[in-house]
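Hi everyone, thanks for coming along. Let me put today's structure up on the screen, and then we'll walk through it together.

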Amino acid sequence: MTPDLMEEGARRLAAYEARKAAAVNTESGGRSAAYGRIAKIGQPDFTQGVALYVDDISVSFDGFRALNKLSLAIDVGELRCIIGPNGAGKTTMMDCITGKTRPDSGKVSFGSTIDLLRLSEPEIAQIGIGRKFQKPTVYEDLSVFENLELALSGDRRVRASLFSRLSGEQLDRIGEVLGTIHLKGDAQRTAGLLSHGQKQWLEIGMLLMQDPKLLLLDEPVAGMTDEETERTAELFLSLEGKHSLVVVEHDMKFVDQLTQGRKTVTVLHEGSVLAEGLLSVVQNNEKVVEVYLGR
C-alpha cells in the first residue's frame with residue numbers, strides 16, 4: 001500500500017486535533033469566535049455569488065516579493081484563466097489559497113464565511129477546494145477504477161479502503177466521472193499504462209470524486225498532444241457552472257479555447273494583477289505585450 005494512504009489516518013487525526021484546539025478559543029486576530037469556529041467548516045456561504053476572495057495578499061521569500069498586494073475574486077461556477085510570465089506569482093497564489101504558504105498580510109476567503117488562512121492544508125481540501133499540479137500524480141500500479149475508488153469522499157484509511165464495499169450510488173458516481181474524463185473504456189486499465197494526457201484526466205477525475213466546489217489547475221495541458229489538449233478544453237467547459245475553476249496556463253491557444261472570447265482572463269506580473277478582461281483586450285494591452293506576450 002502506498003505511503004500516502006498509510007499517512008491518511010495521521011493527517012485526519014492532526015486535522016481533528018486542530019479543530020478541537022480551535023474550538024476552545026473564543027477570539028482570534030480580533031475576530032469573534034462565531035466567525036472563525038472550525039465547526040463552520042464545510043459550510044461556505046456563496047449567496048453573494050463569489051466563490052473565492054483574494055484580498056491584498058503579499059508574500060516575501062528572503063527579500064523577494066512573490067506576491068505584492070494581490071487581489072482578485074472568482075465567481076461561483078466561473079472558469080477563470082490566469083496567465084503571466086514565469087515568476088509572476090501564479091503558483092504562490094495557489095499555495096496561499098490551499099494553505100501551503102501563509103501570506104505576510106492580506107486575506108483569503110472561501111465564499112463569505114470561511115477564512116482559509118485559519119485552516120490547514122487537509123482542512124482546506126475537506127471543505128471543497130481541490131488542486132491539481134502540473135505533473136500528474138496517480139497510483140500507477142492500480143487500475144483507473146481503483147484510483148477513482150480510493151479518491152471517494154469518506155473514510156479512506158488503509159483498513160477502510162481494503163474492506164469497504166461500494167454502494168450503488170458510489171458505483172454510479174465512479175461511472176459518471178469515468179465518462180466525464182473520457183476514460184470509461186479504460187476503467188480496468190492499469191494507470192501506469194495511460195498516456196500523459198490520460199493520466200492528467202485521471203487525476204482530475206480523482207479530484208472530481210470528492211465533489212470540490214473550487215478546482216485549481218496548474219498548467220494542465222503541458223506535454224499533451226493537440227488532440228488531448230482539445231479534449232481537455234471540452235472537459236473543463238463541461239465542468240463550468242458545476243464547479244468554479246481557476247486555470248493557470250501558458251498555452252494561449254488553449255486559453256482561447258477555454259475563454260471562447262467571452263470569459264475574463266487575469267494577467268499577473270511581479271505578484272500583482274497587471275491586466276484583466278477578455279482575452280482579446282489583454283492581448284492588445286501594451287503592458288501585457290511588453291512583459292509577457294511579446295517575449
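A word on ground rules. This is a predicted model, so local features need pLDDT of at least 70 and side-chain atom pairs count only at pLDDT 80 or more, while totals for chains, interfaces and linings use all residues. Residues are numbered from 1 along each chain as its sequence is written, and side-chain values use heavy atoms, with hydrogens and water left out.

Let's start with the whole chain. You can see twelve helices and twelve strands; helices here are DSSP runs of H or I with at least four residues, strands are runs of E with at least two, and both are numbered from the N terminus. The chain has 295 residues, and 46% of them count as buried. Buried means under 20% relative accessible area, exposed means over 50%, and partly exposed is in between, using a 1.4 Å probe and protein chains only. Now for contacts, meaning heavy atoms within 4.5 Å. Among those in the chain with a separation of 6 or more, 68% are between residues 24 or more positions apart.

Next, the inside. A nonpolar core is a set of buried Ala, Val, Leu, Ile, Met, Phe, Trp, Tyr and Cys residues joined through side-chain atoms within 4.5 Å. The largest one has 48 residues, and L148, L202, F236, V247 and L258 have the most contacts inside it. Which helix gives the largest share of this core? That would be α8, residues 196–208, with six residues. Another core lies apart from it, with 27 residues, including L67, M94, V108 and I129.

Let's zoom in on L148. Leaving aside neighbours within four places in sequence, L148 touches I174, V177, L178, L202, G205, M206 and M209.

Now a helix pair. Two packed helices are described by the angle between their axes and the distance between the axes. Here, axes are lines fitted to C-alpha atoms, for helices over the stretch in contact, and angles run from 0 to 180 degrees between N-to-C directions. Helix α9 (residues 226–239) packs against α10 (residues 252–259) at about 35°, with the axes 9 Å apart. From α9, the contact uses T229, E230, T232, A233, F236 and L237, and from α10 it uses F254, Q257 and L258.

What about cysteines? C81 is buried, at 0% relative accessible area, and C96 is buried as well, also at 0%. How many disulfides does the structure hold? Zero, where a disulfide is a pair of cysteine sulfur atoms within 2.5 Å.

Two residues have backbone angles to look at. Most residues other than glycine have a negative phi. D62, not a glycine, has a positive phi of about 50°. You'll find D62 in the loop between β3 (50–61) and β4 (64–75), and D62 is exposed, at 87% relative accessibility. Q260 is not a glycine either, and has a positive phi of about 55°. Q260 sits in the loop between α10 and β11 (264–269) and is partly exposed, at 42%.

Last stop: E276, in strand β12 (residues 272–278). E276 is partly exposed, with a relative accessible area of 42%. Its C-alpha atom is 6.7 Å from that of T264, twelve residues away along the chain. Leaving aside neighbours within four places in sequence, E276 is in contact with R80, T264, V265, T266 and V282.
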